[in-house]
Amino acid sequence: FSISARALQTDTIIYVDHAAVGANNGTSWTNAFTSLQSGLDAADPGDEIWVAEGTYIPTARTVISDATSATFTMLPGVGLYGGFAGTETQREQRVWEAHPTILSGDLYQDDVDGDGNGVINYTEVVGLNAANVVWAEEITATARLDGFTIRLGYSINGAGSGLHMVSSDAAFRNLIFEFNHAGYGGGIAAYHSNLTLENVSFLNNTGGLQATGGGGGLWFDSSGNLNLNDVDFVGNEAGIWGGGGLHARYSNTVSLVNGLFRDNIAHFNHNIMAPLGGGGAYVGYCNFFTFTDTQFEDNQTIGVLVAEEFTKKEFGSGGGLYVDHGHYEARGITFVRNTAAIGGGMAVNQYADWIILSMQDMKFIENEAYYRGGGMHTADSTPGPNMDRAIFTGNRSPLGGAAILGAYTTINHSQFI
């Protein structure tokens, strides 16, 4: 009877550095594995994998004959940490922003920024890309993903090209999701999960532009609790299911603190009846939803529009935010220069039969609706929205320049300038 040295070890640090020239066994920075997959293969629950700056491509296929099935599969109880220079002896010494550690779905490194604008959009993806750069299934809170840039996943009809999450309960921090393109959730798609994100950015991701879909940055569906702290959504785009930055639905709670939604777009197909809205975010059919100290700037919903269609269909609702069935509380939210057909800053589904909406310290500044409700458009549902200490200034629309408020709306201590 014998016990191996490996079996006696706990909380092992496994080192990965694509430029290492040592023994390639993961025991130190000098002898680091040169591929992240080698580090994952060597890991046990309780281990941490430290990854030095550089670009890492997934190689482990879930379907042997399909190159696009290559993915980095997270492991229960294993922490993945990027952003190291390759000299640190403590995790706290790293400065992850200064040492970009990129998990890239560009399998053959042939995607190009053809127009030189600094963004690789879905039309500039060349050859084969990983459908899901990272895969997280049945992951618990003891697993970590921290300090990475996840980019260039591509799956035209799939979900979560940056990260696909299912049946998990996890907290991820210090991440950037950029240039990922999927049918649902270009950056992240999460199903049947609880997810906490802290200090995370979604930049120039798309969801559903070539098919029905949405959630350019993040798609959260049929799940438990979503907690977003210091999360930015910038330059993301979505198709007819809306939520250029964020689409959350059929879930328990959604909470966002210190968020930013800027330059996100929800596109609409004018042949689709009642497409969903929310250039910045769409949230619907959630038990409880809170937004606190969050900014919506320069988001828009756009589509092919003709005047007579407005009597039949709802196009481009909620340039910044669109809310559907649920219980909502918003405090300290600012909407600036958002545009839509209905509710330039914010729109409430006017046909919803269950919306409880409480808003305090809201600002609606220079938003525009090219049909009705420049700053905001609410529903006639009961109980109606309750608004306290709101400021509406410089908003524009042919109908209701500042806002169109439903019959049961209560508004106190507010200004219309």
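Among contacts in the protein (heavy atoms within 4.5 Å) between residues at least 6 apart in sequence, 77% join residues at least 24 apart. The structure is a predicted model, in which local features need pLDDT of at least 70 and side-chain atom pairs count only at pLDDT 80 or more, while totals for chains, interfaces and linings use all residues. Residues are numbered from 1 along each chain as its sequence is written, and side-chain values use heavy atoms, with hydrogens and water left out.

The C-alpha trace spans about 80 × 40 × 35 Å along its principal axes. The radius of gyration, taken over C-alpha atoms, is compared with a globule rule of 2.2 Å times the number of residues to the power 0.38. For 417 residues a compact globule would come near 22 Å, and the 23 Å of the protein agrees with this. The accessible surface amounts to about 16,100 Å², 51% of it belonging to carbon and sulfur atoms; areas come from the Shrake-Rupley method with a 1.4 Å probe, and for residues only the protein chains shown count as cover. Of the 417 residues, 55% count as buried, where buried means under 20% relative accessible area, exposed over 50%, and partly exposed in between (1.4 Å probe, protein chains only).

The strands can be followed next. An open sheet is formed by 11 strands in the order β4-β7-β10-β13-β16-β19-β23-β26-β29-β33-β36, with parallel pairing; two strands pair if DSSP finds at least two bridges between them. At its edges lie β4 (72-73) and β36 (403-404), each of which pairs on one side only. Within this sheet, strand β29 (residues 346-348) runs parallel to strand β33 (residues 376-377), and 2 bridges join them. Here M346 stands opposite M376 in β33.

Because 7 of its 8 residues are buried, β8 is largely enclosed by the rest of the structure. Strand β5 (residues 79-84) pairs with β8 in the parallel sense over 3 bridges, and Y81 stands opposite D146 in β8. Strand β6 (residues 101-104) also pairs with β8 in the parallel sense, over 3 bridges, with T149 in β8 as the bridge partner of I102. Strand β11 (residues 169-178) runs parallel to β8 and is joined to it by 5 bridges; in this pairing D146 stands opposite R173 in β11.

The interior comes next. A nonpolar core is a set of buried Ala, Val, Leu, Ile, Met, Phe, Trp, Tyr and Cys residues joined through side-chain atoms within 4.5 Å. The largest such core has 78 residues, of which I49, F172, L197, L218, L246 and M346 touch the most other members. Leaving aside neighbours within four places in sequence, the contacts of M346 include L321, V323, F335, L357, M359 and F364, as well as M376. A second, separate core of 5 residues includes A159, A189, Y191 and W219.

Rings of Phe, Tyr and Trp (its six-membered ring) pair if their centres lie within 6.5 Å; planes under 30 degrees apart count as stacked, over 60 as edge-to-face and the rest as tilted. A search of the whole structure finds 20 aromatic pairs. One of them, F261 with F291, is stacked, at 6.1 Å centre to centre and 25 degrees between the planes. This pair links distant parts of the chain, 30 residues apart, with F261 in strand β21 (residues 260-262) and F291 in strand β24 (residues 286-297). F261 is buried at a relative accessible area of 0%, and F291 counts as buried at 1%. Y282 and Y322 form another stacked pair, 5.7 Å centre to centre and with 20 degrees between the planes. Because Y282 lies in strand β23 (residues 281-284) and Y322 in strand β26 (residues 321-323), the pair ties together parts that are 40 residues apart in sequence. Both Y282 and Y322 are buried. Ring pairs also link a cluster whose members include F261, F291, F335 and F364.

Methods:
Helix = DSSP H or I, 4+ residues; strand = E, 2+ residues; numbered from the N terminus.
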